[in-house]
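Please look through the sequence and the structure below, and then follow the report on strands, cores and inner spaces.

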Amino acid sequence: MPWVLAALMFVGSACEDPSRSEEPTCEGWRPGDLVITELLPDPEGTDTGQEWMELYNPGRAAVDLRGLMLYSARVDGSQERAYLFEESVPVAAKDYVVLGDVRAGELPVHVDHSYGDALRVLGNAGGVVGLRCAEVVVDEVRYSKTSRAGVSRGYDGRRVPDAFDNDAPDGWCDTPASPDGGVRASPGAPNAACPEPSGADAGVSPGTCLSPRTGLARSVSRPLPGDLVFTEVMADPKAVADAQGEWVEVYARRDVDLNGVTLANESGGRTVLDAPPRCLEMRAGTYAVLAHGDEPSLNGGLPPVLGIFGFGLSNTAGAHALRLSLEGVMLAEATWTGAAVPGVSRQWEGTRECLAPDGGRYGPAGERGTPGQENLPCAP
């Protein structure tokens, strides 16, 4: 009897479906191989089971989503939820695929594949959705609140779908009403052209910007001395080159915009922060990351980057300084004298300075630091 049982176990293992026993993997994906072009975060009635997002394949060959990770988060990148494509979901060249949160029953005609409840619910007031292969972000967008329930948020149909251009808020709009006043959405089909900006929505007049939270134009909220504080700096990243991975963290004591603010160092390097027509918003009590680039696969895995600067930070011992100013008025300053430690950030607690404690790390390489969030206390 023992040999019979062993034989049966061997046969059972040999007949096991290999597709079920292997974890789906992905490789070879590059940023822009798929583009997020439309989403409905706030359906009419109950959100559950009715939300969806649309992807476009701009390439010349079909692709398959198996092994990719779909994710969503709040605007600040927190509370991320993710869904792994464990089965084949092909997307033909120059074609669309619509992903929905259908929880039960058959898929509606406009949804090609369901991610179930993996993402819970998308934020109605705005958020982040993206697609990645391991650490490569294929595409990620930040969307803002729509004018009302049942209206999708779409990438301008006049533009060629592009994963970099769709990062700009002015490339998105509430889907316009059709001539017959029908449904304001176009899942699985080319988007309608966004209306030409005019009046309060133009967001291009001097002293105004477009809020990424609301999508509307408003006056720039200019910071005053004391409104901003330097809290952390990474001058010598270890995982990537300095020209890609250096960053600075700033804390806001009240709601302000960084548009027009100058970031400078002791060596004469300076950058005027701006991203027209977008408001570089900071809410009171939050942290912003300023870096050389906003692509996580290149900058060492940083969280969302608010502003870009171009000068380098010194790694050597000596007198160093970072300054924020607006129209010649000093807003904030941080100074230090120690040499940078590779892969370890420097932080401030009021006037106290220290290297980032070992408990806080970021990115796939585990660099020491807490970019975009509250610092861990300095050692006694």
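Strands β16 (247-252) and β21 (287-291) run antiparallel and are joined by 5 bridges, where two strands count as paired if DSSP finds at least two bridges between them. Strands are DSSP runs of E with at least two residues, helices are runs of H or I with at least four, and both are numbered from the N terminus. Within this pairing, valine 248 stands opposite leucine 290 of β21. β21 also pairs with β22 (residues 307-308), this time in the parallel sense and over 2 bridges, and there alanine 291 has isoleucine 308 as its bridge partner.

Because 4 of its 5 residues are buried, β21 is largely enclosed by the rest of the structure; buried means under 20% relative accessible area, exposed over 50%, and partly exposed in between, with a 1.4 Å probe and protein chains only.

## How the model is read

This is a predicted model, in which local features need pLDDT of at least 70 and side-chain atom pairs count only at pLDDT 80 or more, while totals for chains, interfaces and linings use all residues. Residues are numbered from 1 along each chain as its sequence is written, and side-chain values use heavy atoms, with hydrogens and water left out.

## The nonpolar cores

A nonpolar core is a set of buried Ala, Val, Leu, Ile, Met, Phe, Trp, Tyr and Cys residues joined through side-chain atoms within 4.5 Å. The largest one has 29 residues, and those with the most contacts inside it are Leu228, Phe230, Val248, Leu322 and Leu324. At least two residues of this core come from each of β15, β16, β21, β23 (320-326) and β24, and β24 gives the largest share, 4 residues.

A second, separate core of 28 residues includes Leu65, Leu68, Val141 and Trp172.

## An enclosed space

On a 1 Å grid over the protein atoms alone, a cavity is a set of points where a 1.4 Å probe fits but cannot get out, and lining residues have an atom within 4 Å of a point. Residues lining the largest cavity include Val233, Trp336, Arg346 and Leu355.

Note on methods. On a 1 Å grid over the protein atoms alone, a cavity is a set of points where a 1.4 Å probe fits but cannot get out, and a pocket is an open set with protein on both sides within 12 Å along at least five of seven lines; lining residues have an atom within 4 Å of a point.
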